[in-house]
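Welcome! Please take a look at the sequence and the 3D view below, and then let us walk through them together.

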Amino acid sequence: MAVVCFMVTMGLYFIATISFLAYLLRRSEALSKVSLAITAAGFVMHTLALVARMVGSSAAAPPSVHEALSFFSWMLILVFLAVEFRHRIHVLGSFIVPLALVSLISAAALPDTVPTLQPMFRTLWLHVTLSMLGTVGFAVAFVAGVMYLIQDRLLKSKRFNVLYAKLPALDFLDHLNQQSIILGFPLLTLGIITGAISAEFAKGAYVSWNPEQTWALVTWLFYFVVLLGRLTVGWRAKRAAYLTVIGFAGVILTLIGVVLKSYGTVS
Amino acid sequence: MHLIVVGLSHKTAPVEIREKLAVPESRMGEALSRLTSYSGVKEGLLLSTCNRVEVYSVVDDIDQGYGRIQEFLADTHLSLSSEQLTPHLYWHAGDRAITHLFRVAASLDSMIVGESQILGQLKDAFESALSHKTTGLIMNKVVKKAISVAKRVRTETKIAEMAVSVSYAAVELAKKIFSDLGHRTVLLVGAGEMAKLAARHLIAQGVGQVRITTRTPQHAVDLAEKFGGTAVPFEQYKDDMASADIVLVSTGASHYLISADDVQRAVTARMNRPMFLIDISVPRNIDPAVRHVDNAFLFDIDDLKQRVEKNRAERLQEADKAEQMVVEEVGVLREWMKSLEVTPTIVALKQRADEIKRSELDKALGRLAHLPAQDRELVEGLASSIVNKMIHGTMVTLKSEVNSSSGAAFVEAARRFFSLEAAPPPDTRGASAVEPSSCLSHETSEPLIEQAPSRTPSRKQP
């Protein structure tokens, strides 16, 4: 059941991605409605898949990378649908849905037995969930940043094309970027704290300074500086957009590190 | 009676020619009376805008009318000869003239398709022709129709939805930088027409605060009062820039008033909040190097024009729908124009008379069945001669007035006195609603209808 739903979801997101990318280049409002409908259908299937999986698995088992990525993708679409519902910015889907699809494909590519971490403690669930939620915030900030940079470039070079017409106002994107980080940062902070506590219980040390932990801390520090810079010395607009794009690259690297390490421990 | 148009527009003539021909409001009366003083020119309307100069006229003879109006145009400016003018002119008559007017009114022929100014200009031109009494039945009807067609096009197509002017294009751009103009501040430097227009648009969009500076302090105070804003001393505007989200510059200065450094300072003071600068002045007043300042977005008049061009392309799609409407409406007017022609009116009049005669005769003869054939013929003859005498005067008057200035009014009057429907033009007469006399009409109209074809083709463009 869970697998079937998951596969259907992936198919729907794939179609939605194509449809949303076509929307980016075509002057058709109908296309956005179709894309949205497919995305919403995919989201429902995805929810079913997640529920089915939760019912099927034992509570004690540690969350797998597969589950974490799938959850990440689900949250991403949830945020998109919420923003879309409030602000009617269809073009956001052209950026977020592909990202969600990539995350789902990565989840599918990994055998769902690969655990995120060695089973250590029940709090591991909390650590993974919070970190993933923080990552969703950064992902949205990243998307807003990319959109900001594109719109900034289009305005500066005075290319008033279809994309220009569809992208929202710069200050909206900057605001979205700021809000996403303001929400994402505390969640990631909590995620790291719960992770450290789990580690302390399991291994007796909060931090073991292995590469992915170090990288996670560097990323966290980076976002801390970005947030601080925005609130104090005016690192907003274009600079904030650049920084969040770079920051998200750090997040991805951390995730890859975690996956590689987990993969290594399995094989 | 033929409606013709002779003129030139941005499509056929460069500005050097157009500006020479343009007739200012103050000289409109003189020009109109000169136009209608030409023999054979019955009605006249002069549409003179920065993009076109057109003379609409009702004339007796198309070719002669073309000549007269060309003469009139060449006389408008001393340094222009007819030979210089001819290559830039276009001539239309009849349906084509009506179509042209409708397209102009609906802004389908404008430089910026869909702009709304032209409709106002046409109304003004019509007003002044009315006040100088140079229009008559035909022109009044045609121009009023043109105005209503233009309104229909505006409400039923999306032709006017996108930025219609350079000043509005500025607002559109502002909305791509600021999603909500409500809390934004506009600084107006200088008081060029275009900048004032743009400021007005921004205020209409709910911009929060307007600050104005001009070289003459009193001017700024006056404008501030007009816009409900605050005046800023001219020496201070550079310091004031940091508080402005939108800076609109339009002065007569021949050098850069705002340098890239000024903008960089303002952006830094704003903690990198984006800033939107519009330079509507020619020569430019903001150093183009501002383009390299992050978070400052500078647009000059050409950029705005380019933006408008882009919208124009989109409008052209909507314009197709509008063209269709114009064709429809021209059809409606064509029917009306036809009804104003003397020949079909006379035909219809005879038809109507015969119709009445026949029905009354049938009734009477039915009761006079006992009369010998000879007497019955006498009764018929009596009826015919009464009817013919009754309408004779009307027909003679119509024929003699056909070429007078009020000819169309006589035709209209005759149609109404004798309840002749305007709808059935001569060629669809057979299919018209008057069935009882349809067979009769053939005989009576035979000698007259031969004239009709010779008139109809002349209405088409020669």
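A crossing of two helices is called left-handed if the near helix is turned anticlockwise from the far one by less than a right angle, and right-handed if clockwise. Helices (H or I, at least four residues) and strands (E, at least two) are DSSP runs, numbered from the N terminus. With those terms in hand, the crossing of helix 14 of chain B and helix 16 of chain B is left-handed.

A few words on reading the names and values. This is a predicted model, in which local features need pLDDT of at least 70 and side-chain atom pairs count only at pLDDT 80 or more, while totals for chains, interfaces and linings use all residues. Residues are numbered from 1 along each chain as its sequence is written, and chains are lettered from A and ligands numbered from 1 in the order in which they are written.

**Chain A**

Chain A has nine helices and zero strands. Of its 267 residues, 45% are buried (a residue is buried if 20 or more other C-beta atoms lie within 10 Å of its own, exposed if 12 or fewer, and partly exposed in between, with C-beta atoms placed from the backbone). Two residues are in contact if their C-beta atoms, placed from the backbone, lie within 7 Å. Among the contacts in chain A between residues at least 6 apart in sequence, 80% join residues at least 24 apart.

Axes are lines fitted to C-alpha atoms, for helices over the stretch in contact, and angles run from 0 to 180 degrees between N-to-C directions.

| Helix pair | Axes come within | Crossing angle |
|---|---|---|
| Helix 1 (residues 2-25) and helix 2 (residues 29-56) of chain A | 8 Å | roughly 160 degrees |
| Helix 5 (residues 94-105) and helix 7 (residues 137-156) of chain B | 8 Å | roughly 45 degrees |
| Helix 14 (residues 342-367) and helix 16 of chain B | 10 Å | roughly 20 degrees |

Angles under 35 degrees count as roughly parallel, over 145 as roughly antiparallel, 65 to 115 as roughly perpendicular and the rest as oblique. With axes crossing at roughly 160 degrees, helix 1 of chain A is roughly antiparallel to helix 2 of chain A. Their crossing is left-handed. The residues of this contact divide into 19 nonpolar, eight polar and one charged (Ala, Val, Leu, Ile, Met, Phe, Trp, Tyr, Cys and Pro count as nonpolar, Asp, Glu, Lys and Arg as charged, and the others, Gly among them, as polar).

In chain B, helix 5 and helix 7 are oblique to each other, and helix 5 passes helix 7 in a right-handed crossing. I98(B), L101(B), F102(B) and A105(B) on helix 5 of chain B meet V142(B), A146(B), I147(B), V149(B) and A150(B) on helix 7 of chain B. This contact has nine nonpolar, no polar and no charged residues.

Helix 14 and helix 16 of chain B are roughly parallel to each other. Here V342(B), T345(B) and L349(B) from helix 14 of chain B meet V411(B), A414(B) and R415(B) from helix 16 of chain B. By class, the contact has four nonpolar residues, one polar and one charged.

A408(B) sits in helix 16 (residues 407-417) of chain B. Why is A408(B) counted as buried? A408(B) is buried because 25 other C-beta atoms lie within 10 Å. A408(B) and L137(B) are 271 residues apart in sequence, yet 6.7 Å apart in space, C-alpha to C-alpha.

Strand 1 (residues 2-9) of chain B has eight of its eight residues buried. In a regular strand the side chains alternate between the two faces of the sheet. H2(B), I4(B), V6(B) and L8(B) point one way, and L3(B), V5(B), G7(B) and S9(B) the other. Two strands pair if DSSP finds at least two bridges between them. Strand 1 of chain B pairs antiparallel with strand 3 (residues 52-59) of chain B over eight bridges, where L8(B) stands opposite V53(B). Strand 1 of chain B also runs antiparallel to strand 4 (residues 90-93) of chain B, joined by four bridges, and I4(B) stands opposite A93(B) there.

**Where the chains meet**

The contact takes 17 residues from chain B and 14 residues from chain A. Helix 13 of chain B gives the most to the chain B side, with four residues. By class, that side has five nonpolar, four polar and eight charged residues.
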